[in-house]
Amino acid sequence: MGEVAAEMYTQDGTVDIKGNPALKKDTGNWRACPYILANECCERLAYYGMSTNLVNFMKDRMGMANAAAANNVTNWGGTCYITPLIGAFLADAYLGRFWTIASFMIIYIFGLGLLTMATSVHGLVPTCAAKGVCDPTPGQSAAVFIALYLIALGTGGIKPCVSSFGADQFDEHDDVERKSKSSFFNWFYFSINIGALVASSVLVYVQTHVGWSWGFGIPAVVMAIAVGSFFVGTPLYRHQRPGGSPLTRIAQVLVAATRKLGVTVDGSALYETADRESGIEGSRKLEHTEQLRFLDKAAVETQADKTAATGPSPWRLCTVTQVEELKSVVRLLPIWASGIVFATVYGQMSTMFVLQGNTLDASIGPKFKIPSASLSIFDTLSVIAWVPVYDRLLVPAVRSVTGQPRGFTQLQRMGIGLVVSMFAMLAAGVLELVRLRTIAQRGLYGEHDVVPISIFWQVPQYFIIGAAEVFTFVGQLEFFYDQAPDAMRSMCSALSLTTVALGNYLSTLLVTVVAKLTTRGGKQGWIPDNLNVGHLDYFFWLLAALSLLNFAVYLLIASWYTYKKTAGDDTDAKAKGGADD
């Protein structure tokens, strides 16, 4: 009977929408993924359709200078990657991923609706002078920023849950489904970039040549389509049950370990439940690891714990699985931190690359000009090209050499992306050198002078970042899902997303510090409003140097890292490789 049940039902604890054990033949696997991938594609189309050209909206309609516009965009973008911590906590602790996604999509649509109104309703649209200089009132500015931060909150409930919810559709105890899960992350990122492709081409064109009201209204409609797509797949989904507050469990381990500072740890006699399952809802048991042994004190069963009349308090005695949950999160933190500089480099596509492109010749033929923000389409095309190449060609080729099921280990994959990202900054810096040399030769120092260099010379820097994303960002999605404890996967996915937030904040900090230091004594500085008299190339060299330093630190972190292992299952270690790989 046990073998029959194993064939009929998933073995990873997932349930159907009614809370019953999930039937393999009726739920999950690739049959459920089209609805999740379509939802993500539409949601990202809405997001990028609104955010890709936002720096120009801030300049043209909100009357901001270059540095202020760039900082407002990066601050908002950073918030969009911090709010996932809120959505992830609710998903893991109380609501589950499905209902968290469903709830926050409504907030998202409210934000997009208000932004559309702020660009179309009389009284909310700023008054602009004949020369195109706009002067929004405090109320008009407030409407725009309330809309933007409602969107930031809405995306916070979607982003950390959708990729994890998609991965939940594959049973880790089924060999075929486990291999499919690795491919899912590649195609998940592929669907993101299909949405971004339409956004950076069609929607940026609409915003530039038709108007901002249409440019923001279309994403609102597309987001409504995303909601519909998600709910259509409801009968097919598998659900991981919420395991209660992960923050409470973490606090219990810290308190229990602190209370037992003087206790000696015996690794062979640590406390664990006798049942097959762990004491945490929806979570499998984890095996003990030797790192961070101080935390093991929380699982040492003292005489006082054994003789407690009502059983041991969870604030005095924790299970090995609960301790290993915290260890898993602590081990992830250095890897997480190494992604911040990469995210800073990635963030230049929506700020410095756009501002650089504004000074170049954007003509395609005698009548058409491509908006500089539309160049991000080449980043998207790069990702769309690289995902199938990576999944179908590179992985099998590398697998034949390394013997790893995934070709590269997850840490190797992310490290390769860090190296590739350096070359994007070098390419941008070289183009800026050529641009400044042309300006000097032709005396094009006016703020509105167009440098006679085709904007398409920016394509290499966008294309290189796209290649880096396929290695690092997709690798992060898979790594943080796999290495997270079962009942903390949304939280750890959100943690990986905060690298983008902190990358944006680091970019804001760098721009602010650079502007302050380089404008001393009345100098123009590296990033003035008129880039033709600035030195944007120095900023790109700075980011390249930081990327090199970051990679050196990453190598040390990766050599220290130990992959998690689920009790009674050695497939995790085999699939990922050891820390020394």
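## Burial and overall form

A residue is termed buried when its relative accessible area is under 20%, exposed when it is over 50%, and partly exposed in between, as computed with a 1.4 Å probe on protein chains only. By this criterion, 58% of the 581 residues of the protein count as buried. The model is predicted: local features need pLDDT of at least 70, side-chain atom pairs count only at pLDDT 80 or more, and totals for chains, interfaces and linings use all residues. Residues are numbered from 1 along each chain as its sequence is written, and side-chain values use heavy atoms, with hydrogens and water left out.

The radius of gyration, taken over C-alpha atoms, is compared with a globule rule of 2.2 Å times the number of residues to the power 0.38. For 581 residues a compact globule would have a value near 25 Å, and the protein agrees, with 25 Å. Along the principal axes, its C-alpha atoms fill a box of roughly 85 × 50 × 45 Å. The protein exposes about 22900 Å², of which carbon and sulfur atoms supply 65%; the areas come from the Shrake-Rupley method with a 1.4 Å probe, and for residues only the protein chains shown count as cover.

## Secondary structure and contacts

The protein has 19 helices and 4 strands. These elements are DSSP runs numbered from the N terminus, with helices (H or I) of at least four residues and strands (E) of at least two. Contact means heavy atoms within 4.5 Å. Among contacts with a separation of 6 or more, 81% join residues 24 or more positions apart.

## Packing of α12 and α16

Helix α12 (residues 339-347) packs with helix α16 (residues 459-483) at an angle of about 145 degrees, and their axes are 11 Å apart. Axes are lines fitted to C-alpha atoms, for helices over the stretch in contact, and angles run from 0 to 180 degrees between N-to-C directions.

On the α12 side, G339, F342, V345 and Y346 meet I465, A468, E469, T472, F473 and Q476 of α16.

T14 lies in the loop between α1 (2-8) and α2 (33-51). T14 is buried, its relative accessible area being 3%. Beyond its neighbours within four places in sequence, T14 is in contact with P21, A22, D168, R238, H239 and Q240.

E7 belongs to helix α1 and is exposed, with a relative accessible area of 64%. Between the C-alpha atoms of E7 and N39, which are 32 residues apart along the chain, the separation is 30 Å.
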